[in-house]
Amino acid sequence: MTKWVYSFGDGKAEGRAADRNLLGGKGANLAEMCNLGLPVPPGFTITTEVCTHYYDNRRTYPAELEAQVEAALDEVGQLAGRRFGDAERLLLVSVRSGARASMPGMMDTVLNLGLNDETVEALAAESGDARFARDSYRRFIQMYSQVVLGLDHEMFEEILADEKARRGYDQDTEFTAEDWLTVITLYKERVEAALGEPFPQDPRAQLWGAIGAVFSSWMTPRAVTYRRLHEIPESWGTAVNVQAMVFGNMGETSATGVAFTRNPSTGEKRLYGEFLVNAQGEDVVAGIRTPQSLTEAARREAGSDLPSLEKLMPDAFASFVEVAGRLESHYRDMQDLEFTIERGKLWMLQTRSGKRTTKAALKIAVDMAEEGLISRAEALCRIDPASLDQLLHPTIDPDAQRDMIATGLPASPGAATGEIVFSSEEAEEMTERGAKVILVRVETSPEDIHGMHAAQGILTTRGGMTSHAAVVARGMGKPCDSGAGTLRVDYRTGTMTALGRSFKRGDVITIDGSTGQVLAGAVPMQQPALSGDFSTVMEWADTTRRMKVRANAETPADARAARSFGAEGIGLCRTEHMFFDDDRILAMREMILSDSQEQRRAALAKLLPMQRADFAELFEIMAGLPVTIRLLDPPLHEFLPKTEAEIGEVAAIMGVDADRLRERSESLHEFNPMLGHRGCRLAICYPEIAEMQARAIFEAAAEAAARTGAPVMPEVMVPLVGMAAELSFVKKIIDDVAQTVMSENGVKLDYLVGTMIELPRAALNAGEIAREAEFFSFGTNDLTQTTFGISRDDASSFLEDYRRKGIIEQDPFVSLDIDGVGALVRLAAEAGRAERPDVKLGICGEHGGDTASIAFCDEVGLDYVSCSPFRVPIARLAAAQAACRKG
C-alpha cells in the first residue's frame, strides 16, 4: 500500500530534510527539526504525490488517504494529549501548504481549524481566557471563509472596521470577549447570507475542506504566475501540512514572529526579524499592527519605543537564539524561521533557506566560506547567477536633491522612478504600453504578484520588513518601501496624500528601497559600485571555471563596459550595427542601390575609413584579447530608405532619378528576408563588400598593434554558412586581402577565419566545414529559428500558450532547447573536433548569458560563451558553477 501520510512530533519523524521532493520543503524541514529534538508541535504531512493524484484524477484523493489521515490525526492527538473534534480534550490544527521550492504567500493556509460554536467555549474554559478563544474563532471563520468557501476577505474586514469604529477602538487587541462574540455573530450571518447555508460546524468536514483548498491553491493564478517567474515546474505539486495549533494570541506572555539568522537585505551576521505580542502569525505579515524588533540593538536602530523580544521575554528569546544558531549550523545556510511563544514556551513552526537580496547572497556566501561553514565551490553554487543583474541597476545619486514626502521601511534595496498606479492590473497595462510605474498599495497580497512583476518598484503604507511586499520584492530584485504609515491611499479617488500634498494616478515618484524614502518626482540615478564581496566571488569563479567568457560588443562603450565586467575578448562584433549612424547610412544606401561594381566600390571606399577606425578602437580597448568580427549579415533591405525624403536624399548624392532609385529599392524586396539574400550570400554575390570589411579589419589590426605594441588577434567570422564551399569562397577573399595588407604595411598578422553555425545543414556537415573553419561560433538565435521553423519576432504570439499548456517548459529563445538545438550543437562540436582537433568553439547567441544554456555549453566542451556586456558577470559565475557540478 502506498504511504501518503508522514507523521512528526515528540523528537522523532518519519521523514527528513532530504525528503523535500516528497514532503515539500516545509514538511521535510519540520521532520528534520523534530529529529534534531527541537520544540515542534506534532503533526503530519500529506505528500506531493497526493497533489499529483488529485490533479490527474479529476480532483479526487487516493482511496487509502482518508484512513491514513485519521490514523495520523489520532497520533497527533496522543502526542498532544488531546483528540480532534472532542470538546473535552480539544485538539485544534493548522493546515498549510508546502511545495519543494519555497513560494512565500502564494498558496493557502488555515489556522485554528476545529473550532465551532461548541468547541470555542470549551477552549475558553480550558484556557481560562474567553477573549483569546473567541478571537481565535473569529480568525478561523474569516480565514476559512476566504480560503475554503471563496468569500471576499474584505467582507470581514469591513465588519471588523465598523465594529472597531463603533466602539472607538484603534487596535484589535482592545476588543473584549463580548465584543468578539458580536463580531463572530456578524461574521456567521454574512457567511450564511452569501452562501445560503450556515458556517460549517463539523471539524472533519472543515479539515477536508481545508486540505482540498490547499491542493487547489497550487493552480491559483498567483501560484501559476509565481511558478512561471521562478521556473518552478507545475508537476512538482505541493504537500499539505496538518499540525497541532500553538497560540501566540494567548495573552501578554504569548507572541509570534518571523526571523532570519542573517540580514536578508545586507547579509550581515546578526538576527533579523519582527514579532508581535498576543498575536497569530498572519498578523506579523499582514501589517495590521506595528511589529516589534527581536533584539534591543535593532529596536534602538529603528528608533522604536516598543520593547524588543530580548527585553520582554528574555528566557524565550535566549531559547530562540540558541535554536536559530543550531539550525543555521545544521543547514549551513541562512535560515528563515517562524516561531510562536505560547505562555512563555517557544515552538518552532518553520525553517527554510531564506530569500535574500543579491548583495546579501554574495556576503553570506563569502562569509560562510571564510567561516569554514561551506567550501568555496558551495559558496559559488549558493548564488543565482541571473540575480547578479540586480547589482547592475541604478541607485539614487547621493548628490541629488530629495523632495521627501514620506519614509517607510527599507524593505528591498535599490531605487526606482515611475508613474503612480494603484492596482496590479493598471501596473501590467501601463507597462505593456511602455510606461514605467510604481505600484502603490495599502498592502500587497499574493494576488498582486503580476503587478509587482510589472512595476519598477513597490510602495505600501502597511507592513513590516517581513511583509508580503517585502519578501516578494526582495525575491524579484525590485525596490520596495513598506509601512510608509504617514501616506494615505484612496483607491476610489485614485489619490495618495502625503504631508498635505496630494498625488494622483500618473504622477511621478521615486522610491529608495535602501532608505525607505519616498520622493516626489524623478531623481537622478547612478550606477552602483560593486562590493568587495562581488569581487571576491568573481575571483573565485574565475579560478574555478574552465570556459572563457567574452562579450557581444561593437561600440567602444560596450567594449569598455565588457572589459570592466571581466570579459576576456569580444565573441561577436556585429559590423552592420556600425552602419546606422547618420554619417554612414547614406554611403551604405548608396552602395546597396548601386547598379555596378564600380559604383559599389566607390561607396564602399567612403565606408572603409569609418570601419577601420571602429575596429582599431575595439582592438585597442581589448588590448590583445581576441576580437571576433562578423562580416555583414542582415538582409540589405534593412538599410534601405523608407521615406520619400530619404529616397530623395540618396538620389541627390548618387546623381540619379528618385523614381529610378525607388524602383531599384523595390526590386530588392524579399518575401522572407531572414532566409534570403544575407550573410555569406552577400559576400559571394558582392565580393567587394567582404573585401572592404576584411581590409578594414586587417588595416585596423596593423594600426592598433603599432600604436599599443601589443599583439592583435582578429577572428573573422563568415555568417550563415550552410555549405563548406560557401566558406571556402569567402575565406579566399579574406586570405587574399590579409596578404595584400601585410605586404603593403610590412607586417605579419595572426588571424583566424571561422564561421557561425546557425543553420541545421551547417551543424550536420560540421566536419566538412571544419576543414576550412578555424573556429565555430554557434549562433543559437538563428539556429533556434531554423531548427524549429519559428520566427523569433513572431513567436511570442503562441510560445506562451505552448508553455502554459505544457508543450514546452521554456521559451527556446531564452533558454537553449537541449534536445533539439542542443543536439545539433553537440553533433557539430564533436564533428568539428574530429576533423580539426584544435578548432575553437564558442556560442554567441542570447543563450550565452543564460545559466542553464551555459551549463550545457560546458558539458559539450565549448571553449567560451559570449553575451551582452552586462551579463558577463552572470556568465562568469554560471561557468564556474558548471565546472563545480562536473567535478
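Q: Is Gln810 buried, partly exposed or exposed, and what is its relative accessibility?
A: This is a predicted model, and Gln810 is placed in the loop between helix H31 (796–804) and helix H32 (821–835). Buried would need a value under 20% and exposed one over 50%. Gln810 falls in between, so it counts as partly exposed, with a relative accessibility of 28%.

Q: Which residues does Gln810 touch, not counting residues up to four places away in sequence?
A: Contact here means heavy atoms within 4.5 Å. With residues up to four places away in sequence left out, Gln810 touches Glu231 and Ser815.

Q: How far apart in space are Gln810 and Ser728, C-alpha to C-alpha?
A: Along the sequence, 82 residues separate Gln810 from Ser728. In space, C-alpha to C-alpha, the distance between Gln810 and Ser728 is 37 Å.

Q: Where is Lys840, and is it buried, partly exposed or exposed?
A: Lys840 sits in strand S33, which covers residues 840–843. Its relative accessibility is 24%, and the buried class stops under 20%. Lys840 therefore counts as partly exposed.

Q: Which residues touch the most other members of the largest nonpolar core?
A: In soluble globular proteins, nonpolar side chains tend to be buried together. Here the largest nonpolar core holds 129 residues, and a second, separate core of 84 residues includes Leu113, Phe175, Trp218 and Ala223. In the largest core, the residues that touch the most other members are Leu388, Phe615, Phe619, Phe698, Val718, Ile734 and Phe776.

Q: What share of the residues of the protein chain count as buried?
A: A residue counts as buried when its relative accessible area is under 20%. The protein chain has 887 residues, and the share that count as buried is 56%.

Q: Why is the protein chain said to be as compact as a globular protein of its length, and what is its radius of gyration?
A: The chain has 34 helices and 34 strands. For 887 residues the globule rule gives 29 Å, and the value for this chain is close to that, so the chain is as compact as a globular protein of that length. Its radius of gyration is 32 Å.

Note on methods. Residues are numbered from 1 along each chain as its sequence is written. This is a predicted model: local features need pLDDT of at least 70, side-chain atom pairs count only at pLDDT 80 or more; totals for chains, interfaces and linings use all residues. Side-chain values use heavy atoms; hydrogens and water are left out. Helices (H or I, at least four residues) and strands (E, at least two) are DSSP runs, numbered from the N terminus. The radius of gyration is taken over C-alpha atoms; the globule rule is 2.2 Å times the number of residues to the power 0.38. Buried means under 20% relative accessible area, exposed over 50%, partly exposed in between (1.4 Å probe, protein chains only). A nonpolar core is a set of buried Ala, Val, Leu, Ile, Met, Phe, Trp, Tyr and Cys residues joined through side-chain atoms within 4.5 Å.
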